[in-house]
Amino acid sequence: MTLKTQNIGYWYTNNPDDYLFKDVNLAFDKGKVYAILGQSGSGKTTFLSLLAGLDVPKSGQIFLEDQDINLSGLTAYRKNAVSTIFQAYNLLTYMTARQNVSTALEITGKTADQTEIENLFDLVGIDKSLIDKPVLQLSGGQQQRVAIVRALATEHNIIIADEPTGNLDEETTQDIVRIFKDIAHKQNKTVIIVTHETAVAEQADIIFELKKKQFSQLK
Ligand SMILES: Nc1ncnc2c1ncn2[C@@H]1O[C@H](COP(=O)(O)OP(=O)(O)OP(=O)(O)O)[C@@H](O)[C@H]1O
Ligand SMILES: [Mg+2]
């Protein structure tokens with residue numbers, strides 16, 4: 001299962017000369033962690049939003065296997081193929097950790113198996129005592145883990161994360177990176193992480209850098 005961009009470009013104005021990036025051809029295979037590095041404002045989040053099916057490239061196409069995701073339908077793509085972890089976690093703060101996960105599953109039309117959900121919390125190191133607390137009472141690192149559980153619970157093959165270790169201390173950052181590596185290597189998923197931290201990027205299998213409006217492969 002490969003996610004592939006074909007000559008994609010994006011600009012926010014009506015003028016294609018204002019492009020953030022163009023003619024981008026990248027491939028993302030399952031079983032690997034990819035890091036996307038780039039300075040603030042270079043267009044990383046914009047690029048991720050295209051991979052996540054939240055927006056459409058101004059030029060070019062994105063293919064999952066041989067299917068143009070825009071032609072086969074972005075709603076279906078988001079519902080069945082891709083899970084996104086946003087920088088701000090986007091958890092429902094008035095709900096508990098468990099409810100955040102269950103609700104996400106219900107939205108994708110799946111039944112929430114509570115034992116499986118508890119196993120996932122265990123996998124990311126969230127103690128049982130925290131599962132039924134409102135997420136507002138959890139720390140930033142714990143909320144990030146809840147967001148990861150929510151992404152994993154849907155069992156989608158592609159996990160996309162925008163600065164998942166942005167506000168975390170070094171040890172928690174290493175924990176989270178380890179979780180993402182396990183997800184890719186043991187569950188054979190495609191993990192794509194945007195980061196400005198070189199130490200995080202270095203742990204990925206493949207590193208792409210967006211610099212001067214161009215992507216290049218650093219590793
Ligand atoms: N909705 C929008 N309308 C117009 N311009 C936008 C919009 N969203 C982002 N931009 C601009 O596009 C550029 C790229 O933004 P983007 O959020 O993709 O950068 P980024 O690489 O994720 O930055 P950061 O590391 O700070 O998160 C920035 O100059 C930003 O101001
Ligand atoms: Mg960003």
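**Helix α7**

I began with the outward side of helix α7 in this predicted model, and there I noted Glu170, Glu171 and Lys186 as exposed. I then listed the buried residues of α7, which are Thr173, Ile176, Val177, Ile179, Phe180, Ile183 and Ala184. They cover an arc of only 150° around the axis, so I place them on the same side of α7. Which elements do the buried residues of α7 pack against? I found β4 (33-38), α6, β8, β9 (190-195) and α8 (198-201) as their partners.

I also checked the length of α7, which runs over residues 170-187.

**The nonpolar core**

I next looked up the largest nonpolar core, which has 61 residues, and I noted Tyr34 and Ile193 as those with the most contacts inside it. Helix α6, residues 140-153, gives the most to this core, with seven residues. I keep in mind that nonpolar side chains tend to be buried together in soluble globular proteins.

What does isoleucine 193 touch, once residues up to four places away in sequence are not counted? I listed Val33, Tyr34, Ala35, Ala161, Pro164, Phe180 and Ala204. Of these, Phe180 was already in my notes as a buried residue of α7, and Tyr34 as a residue with the most contacts inside the core, together with Ile193 itself.

**Aspartate 162**

I then turned to aspartate 162, which has its place in strand β8, residues 158-162. Is aspartate 162 buried or exposed? I count it as buried, because it has 20 C-beta neighbours inside 10 Å. Leaving aside its neighbours within four places in sequence, I find aspartate 162 in contact with Thr45, Leu48, Ile85, Phe86, Gln87 and Val194. I also looked up its separation from alanine 27, which is 135 residues in sequence and 18 Å in space, C-alpha to C-alpha.

**Around ligand 1**

Last, I went through the residues that surround ligand 1, and I wrote down Tyr12, Leu20, Gly38, Ser40, Gly41, Ser42, Gly43, Lys44, Thr45, Thr46 and His196. By kind, I sorted the shell into two nonpolar residues, eight polar ones and one charged.

Conventions
Residues numbered from 1 in each chain as written. Chains lettered and ligands numbered in written order. Predicted model: local features only at pLDDT ≥ 70, side-chain atom pairs only at ≥ 80, totals over all residues. Near = placed C-beta within 6 Å. Nonpolar A, V, L, I, M, F, W, Y, C, P; charged D, E, K, R; others polar. Core = buried A, V, L, I, M, F, W, Y, C linked by C-beta atoms within 7 Å. Buried ≥ 20, exposed ≤ 12 C-beta atoms within 10 Å, placed from the backbone. Helix = DSSP H or I, 4+ residues; strand = E, 2+ residues; numbered from the N terminus. Contact = placed C-beta atoms within 7 Å. Expected span 1.5 Å × (residues − 1). Arc of directions from axis to C-beta.
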